Amino acid sequence: MATFVIGDIHGGLKALLQLLNTLEVKETDTLIFVGDYVDGWSESAQVINLLITISKKINCIFIKGNHDVWCEDWLKTGHVDPIWYMNGGKEAMESYVGFTEETKKIHLDFFEQMPLYHIDEANRLFIHAGFTSVHGVEKEIFTASFYFDRTLWEMALTMSDSQLTDDSNLYPKRLKHYKEIYIGHTPTTNYDCYEPMHAVNVWNVDTGAAFTGKLSAVNIDTKEVFQSDFLPSL
(Lines give C-alpha, C1' and ligand atoms only; values in the text may rest on other atoms or scores of the structure.)
Protein backbone atom coordinates (compact mmCIF):
# COMPACT_ATOMS: atom_id res chain seq x y z
CA MET A 1 0.00 0.00 0.00
CA ALA A 2 2.27 2.76 -1.26
CA THR A 3 1.31 6.36 -1.98
CA PHE A 4 3.06 8.22 -4.76
CA VAL A 5 2.83 11.92 -5.54
CA ILE A 6 3.37 12.74 -9.22
CA GLY A 7 4.47 16.06 -10.68
CA ASP A 8 3.26 18.19 -13.56
CA ILE A 9 2.73 16.10 -16.73
CA HIS A 10 2.00 18.81 -19.33
CA GLY A 11 0.80 16.54 -22.11
CA GLY A 12 3.79 14.20 -21.88
CA LEU A 13 1.98 10.93 -22.48
CA LYS A 14 5.07 8.85 -23.19
CA ALA A 15 6.74 10.08 -19.99
CA LEU A 16 3.62 9.26 -17.99
CA LEU A 17 3.46 5.74 -19.40
CA GLN A 18 7.15 5.20 -18.72
CA LEU A 19 6.86 6.47 -15.16
CA LEU A 20 3.83 4.31 -14.38
CA ASN A 21 5.62 1.25 -15.70
CA THR A 22 8.60 2.09 -13.49
CA LEU A 23 6.36 2.43 -10.43
CA GLU A 24 4.70 -0.93 -11.06
CA VAL A 25 1.58 0.41 -9.36
CA LYS A 26 -0.64 -2.08 -7.55
CA GLU A 27 -4.39 -1.85 -7.02
CA THR A 28 -3.80 -1.15 -3.33
CA ASP A 29 -1.59 1.87 -4.06
CA THR A 30 -2.64 5.51 -4.21
CA LEU A 31 -1.55 8.05 -6.81
CA ILE A 32 -1.77 11.76 -6.01
CA PHE A 33 -1.24 14.08 -8.96
CA VAL A 34 -0.48 17.74 -8.23
CA GLY A 35 -1.95 19.17 -11.43
CA ASP A 36 -1.08 20.57 -14.86
CA TYR A 37 -1.95 17.48 -16.86
CA VAL A 38 -2.24 19.44 -20.10
CA ASP A 39 -0.37 22.00 -22.24
CA GLY A 40 3.22 21.81 -23.40
CA TRP A 41 3.68 18.54 -25.26
CA SER A 42 1.36 17.28 -27.97
CA GLU A 43 -0.79 14.68 -26.22
CA SER A 44 -2.81 16.51 -23.58
CA ALA A 45 -6.15 14.94 -24.48
CA GLN A 46 -4.53 11.51 -24.59
CA VAL A 47 -3.06 12.08 -21.10
CA ILE A 48 -6.55 12.87 -19.77
CA ASN A 49 -7.92 9.70 -21.39
CA LEU A 50 -5.22 7.63 -19.69
CA LEU A 51 -5.76 9.25 -16.29
CA ILE A 52 -9.50 8.58 -16.45
CA THR A 53 -8.79 4.95 -17.31
CA ILE A 54 -6.27 4.58 -14.48
CA SER A 55 -8.68 6.08 -11.95
CA LYS A 56 -11.13 3.24 -12.60
CA LYS A 57 -8.58 0.70 -11.36
CA ILE A 58 -6.45 2.55 -8.79
CA ASN A 59 -7.22 5.07 -6.09
CA CYS A 60 -6.24 8.43 -7.60
CA ILE A 61 -6.47 12.02 -6.43
CA PHE A 62 -6.20 14.67 -9.13
CA ILE A 63 -5.39 18.17 -7.90
CA LYS A 64 -6.28 21.00 -10.28
CA GLY A 65 -3.50 23.18 -11.72
CA ASN A 66 -3.63 26.50 -13.51
CA HIS A 67 -3.30 24.93 -16.96
CA ASP A 68 -6.18 22.62 -16.11
CA VAL A 69 -8.30 25.64 -15.18
CA TRP A 70 -7.61 27.19 -18.58
CA CYS A 71 -8.35 23.97 -20.47
CA GLU A 72 -11.52 23.41 -18.45
CA ASP A 73 -12.73 26.89 -19.36
CA TRP A 74 -12.08 26.24 -23.05
CA LEU A 75 -13.90 22.90 -22.99
CA LYS A 76 -16.84 24.51 -21.20
CA THR A 77 -17.20 27.82 -23.04
CA GLY A 78 -14.95 27.72 -26.11
CA HIS A 79 -13.08 30.74 -24.76
CA VAL A 80 -9.37 30.76 -25.63
CA ASP A 81 -7.39 32.66 -23.02
CA PRO A 82 -4.52 34.36 -24.89
CA ILE A 83 -2.05 33.64 -22.08
CA TRP A 84 -3.10 29.99 -22.14
CA TYR A 85 -2.79 29.86 -25.93
CA MET A 86 0.81 31.08 -25.79
CA ASN A 87 1.70 28.71 -22.94
CA GLY A 88 0.67 25.34 -24.31
CA GLY A 89 -2.99 25.94 -25.03
CA LYS A 90 -2.45 25.77 -28.77
CA GLU A 91 -0.97 22.29 -28.46
CA ALA A 92 -3.73 21.21 -26.08
CA MET A 93 -6.46 22.28 -28.51
CA GLU A 94 -4.71 20.51 -31.37
CA SER A 95 -4.58 17.29 -29.31
CA TYR A 96 -8.39 17.31 -29.22
CA VAL A 97 -8.74 17.21 -33.01
CA GLY A 98 -10.80 14.14 -33.86
CA PHE A 99 -12.24 13.77 -30.36
CA THR A 100 -16.03 13.56 -30.17
CA GLU A 101 -18.13 16.05 -28.27
CA GLU A 102 -19.14 13.21 -25.96
CA THR A 103 -15.50 12.53 -25.04
CA LYS A 104 -14.85 16.23 -24.53
CA LYS A 105 -17.81 16.32 -22.13
CA ILE A 106 -16.29 13.41 -20.18
CA HIS A 107 -13.02 15.33 -19.98
CA LEU A 108 -14.82 18.47 -18.84
CA ASP A 109 -16.53 16.50 -16.07
CA PHE A 110 -13.12 15.16 -15.06
CA PHE A 111 -11.68 18.67 -14.76
CA GLU A 112 -14.72 20.00 -12.90
CA GLN A 113 -14.47 17.28 -10.25
CA MET A 114 -10.83 18.00 -9.41
CA PRO A 115 -10.21 19.38 -5.90
CA LEU A 116 -7.93 22.38 -5.41
CA TYR A 117 -6.06 20.63 -2.61
CA HIS A 118 -6.01 17.44 -0.57
CA ILE A 119 -5.06 16.84 3.08
CA ASP A 120 -4.44 13.23 4.07
CA GLU A 121 -4.88 11.53 7.46
CA ALA A 122 -1.26 12.31 8.37
CA ASN A 123 -1.86 16.05 7.85
CA ARG A 124 0.12 16.17 4.62
CA LEU A 125 -1.07 18.82 2.16
CA PHE A 126 -1.07 18.28 -1.60
CA ILE A 127 -1.64 21.40 -3.70
CA HIS A 128 -0.60 22.61 -7.13
CA ALA A 129 1.16 25.86 -6.27
CA GLY A 130 0.66 27.16 -2.75
CA PHE A 131 -1.51 29.35 -0.53
CA THR A 132 -1.17 32.76 1.07
CA SER A 133 -3.32 32.66 4.21
CA VAL A 134 -1.34 32.40 7.46
CA HIS A 135 -4.27 30.35 8.77
CA GLY A 136 -3.95 27.56 6.18
CA VAL A 137 -5.76 26.52 3.03
CA GLU A 138 -9.18 26.34 4.69
CA LYS A 139 -9.00 30.11 5.33
CA GLU A 140 -7.64 31.10 1.92
CA ILE A 141 -9.66 33.95 0.39
CA PHE A 142 -8.07 33.99 -3.05
CA THR A 143 -8.54 30.44 -4.31
CA ALA A 144 -6.50 31.22 -7.42
CA SER A 145 -3.52 31.16 -5.08
CA PHE A 146 -3.92 27.40 -4.91
CA TYR A 147 -2.81 27.10 -8.54
CA PHE A 148 -0.76 30.29 -9.08
CA ASP A 149 1.06 31.15 -5.83
CA ARG A 150 4.85 30.79 -5.80
CA THR A 151 5.55 32.58 -2.53
CA LEU A 152 5.11 29.43 -0.45
CA TRP A 153 7.94 27.69 -2.31
CA GLU A 154 10.12 30.81 -2.23
CA MET A 155 9.52 31.05 1.52
CA ALA A 156 10.47 27.41 2.01
CA LEU A 157 13.70 27.90 0.06
CA THR A 158 14.55 30.94 2.15
CA MET A 159 13.80 29.15 5.41
CA SER A 160 15.94 26.16 4.44
CA ASP A 161 18.95 28.50 4.60
CA SER A 162 17.79 30.09 7.85
CA GLN A 163 18.93 29.27 11.37
CA LEU A 164 15.39 29.71 12.72
CA THR A 165 13.68 26.71 14.30
CA ASP A 166 9.97 26.04 13.97
CA ASP A 167 9.36 27.14 17.57
CA SER A 168 10.57 30.65 16.81
CA ASN A 169 8.03 33.47 16.64
CA LEU A 170 9.68 34.53 13.40
CA TYR A 171 9.16 31.15 11.74
CA PRO A 172 6.46 31.45 9.01
CA LYS A 173 3.07 30.28 10.24
CA ARG A 174 2.17 28.98 6.79
CA LEU A 175 4.78 26.25 7.11
CA LYS A 176 3.56 25.14 10.55
CA HIS A 177 0.06 24.03 9.59
CA TYR A 178 0.98 20.78 7.85
CA LYS A 179 3.38 17.93 8.49
CA GLU A 180 4.49 18.08 4.85
CA ILE A 181 3.43 20.05 1.79
CA TYR A 182 3.72 18.67 -1.74
CA ILE A 183 3.56 21.09 -4.67
CA GLY A 184 4.24 21.41 -8.39
CA HIS A 185 3.92 24.54 -10.56
CA THR A 186 7.49 25.87 -10.21
CA PRO A 187 9.92 23.68 -12.20
CA THR A 188 12.98 22.61 -10.25
CA THR A 189 14.85 23.04 -13.51
CA ASN A 190 14.69 26.77 -12.74
CA TYR A 191 17.32 25.94 -10.13
CA ASP A 192 19.35 23.66 -12.43
CA CYS A 193 17.90 20.64 -10.66
CA TYR A 194 16.22 17.75 -12.48
CA GLU A 195 14.97 15.94 -9.39
CA PRO A 196 12.32 16.82 -6.79
CA MET A 197 13.53 19.44 -4.34
CA HIS A 198 12.98 19.48 -0.57
CA ALA A 199 13.03 22.69 1.47
CA VAL A 200 11.96 22.66 5.14
CA ASN A 201 8.73 20.62 5.02
CA VAL A 202 7.87 21.41 1.39
CA TRP A 203 8.49 19.00 -1.49
CA ASN A 204 8.45 20.35 -5.05
CA VAL A 205 7.83 17.52 -7.53
CA ASP A 206 7.62 19.57 -10.74
CA THR A 207 10.87 18.56 -12.44
CA GLY A 208 10.36 20.41 -15.70
CA ALA A 209 8.40 17.88 -17.76
CA ALA A 210 6.88 20.80 -19.66
CA PHE A 211 10.30 21.71 -20.98
CA THR A 212 13.60 19.81 -20.98
CA GLY A 213 13.20 17.99 -17.67
CA LYS A 214 11.67 14.73 -16.49
CA LEU A 215 8.38 13.55 -15.03
CA SER A 216 8.83 12.51 -11.41
CA ALA A 217 7.09 10.61 -8.64
CA VAL A 218 7.95 10.41 -4.95
CA ASN A 219 6.93 7.71 -2.49
CA ILE A 220 5.67 9.96 0.30
CA ASP A 221 6.62 7.50 3.03
CA THR A 222 10.07 6.33 1.92
CA LYS A 223 10.89 9.46 -0.15
CA GLU A 224 12.19 7.23 -2.94
CA VAL A 225 12.23 9.11 -6.26
CA PHE A 226 11.15 7.65 -9.60
CA GLN A 227 11.61 9.43 -12.93
CA SER A 228 10.98 9.18 -16.65
CA ASP A 229 13.65 9.93 -19.20
CA PHE A 230 14.13 13.52 -20.27
CA LEU A 231 10.98 14.56 -22.14
CA PRO A 232 12.70 15.76 -25.35
CA SER A 233 14.25 12.30 -25.78
CA LEU A 234 10.80 10.71 -25.72
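In helix 3 (residues 66-77), His 67, Trp 70, Cys 71 and Trp 74 are in contact, that is, have heavy atoms within 4.5 Å, with Ile 83, Trp 84, Asn 87 and Met 93 of helix 4. Sorted by class, this contact contains six nonpolar, two polar and no charged residues; Ala, Val, Leu, Ile, Met, Phe, Trp, Tyr, Cys and Pro count as nonpolar, Asp, Glu, Lys and Arg as charged, and the others, Gly among them, as polar. The two helices pack at an angle of about 65°, with their axes 10 Å apart. Axes are lines fitted to C-alpha atoms, for helices over the stretch in contact, and angles run from 0 to 180 degrees between N-to-C directions. Helices (H or I, at least four residues) and strands (E, at least two) are DSSP runs, numbered from the N terminus.

The model is predicted: local features need pLDDT of at least 70, side-chain atom pairs count only at pLDDT 80 or more, and totals for chains, interfaces and linings use all residues. Residues are numbered from 1 along each chain as its sequence is written, and side-chain values use heavy atoms, with hydrogens and water left out.

Five strands form an open sheet in the order 3-2-1-9-10, with mixed pairing; two strands pair if DSSP finds at least two bridges between them. Strand 3 (59-62) and strand 10 (225-227) stand at the edges and have a single partner strand each, so one side of each lacks a neighbour in the sheet. On average, neighbouring strands of this sheet are turned by 20° against each other, direction ignored. Strand 9 (residues 216-219) pairs with strand 10 in the antiparallel sense over three bridges, and Ala 217 stands opposite Phe 226 of strand 10.

Helix 2 (residues 44-55) packs on this sheet, where it touches strand 2 (30-33) and strand 3, and its direction makes about 140° with that of strand 3. The 12 residues of helix 2 reach 17 Å from the first C-alpha to the last, close to the 16 Å expected at 1.5 Å a residue; the expected span is 1.5 Å times one less than the number of residues. Among the buried residues of helix 2 are Val 47, Ile 48, Leu 51 and Ile 54, where buried means under 20% relative accessible area, exposed over 50%, and partly exposed in between (1.4 Å probe, protein chains only). The partners of the buried residues in helix 2 include helix 1 (13-23), helix 4 (82-95) and helix 5 (101-112).

Within strand 1 (3-6), Val 5 is buried at 0% relative accessibility. The C-alpha atoms of Val 5 and Ala 217 are separated by 5.4 Å, although the two residues are 212 apart along the chain. Beyond its neighbours within four places in sequence, Val 5 is in contact with residues including Ile 32, Phe 126, Tyr 182 and Ala 217.

Strand 5 (residues 124-127) and strand 6 run parallel and are joined by three bridges, with Tyr 182 as the bridge partner of Phe 126. From strand 6 (residues 180-183), Glu 180 and Tyr 182 point one way and Ile 181 and Ile 183 the other, and all are buried. Strand 6 is also joined to strand 8 (residues 202-204) by three bridges, again in parallel.

Most residues other than glycine have a negative phi. His 10, by contrast, has a phi near 55° and is buried, with a relative accessible area of 7%. Glu 24 has a positive phi of about 50°, but at 58% relative accessibility Glu 24 counts as exposed.
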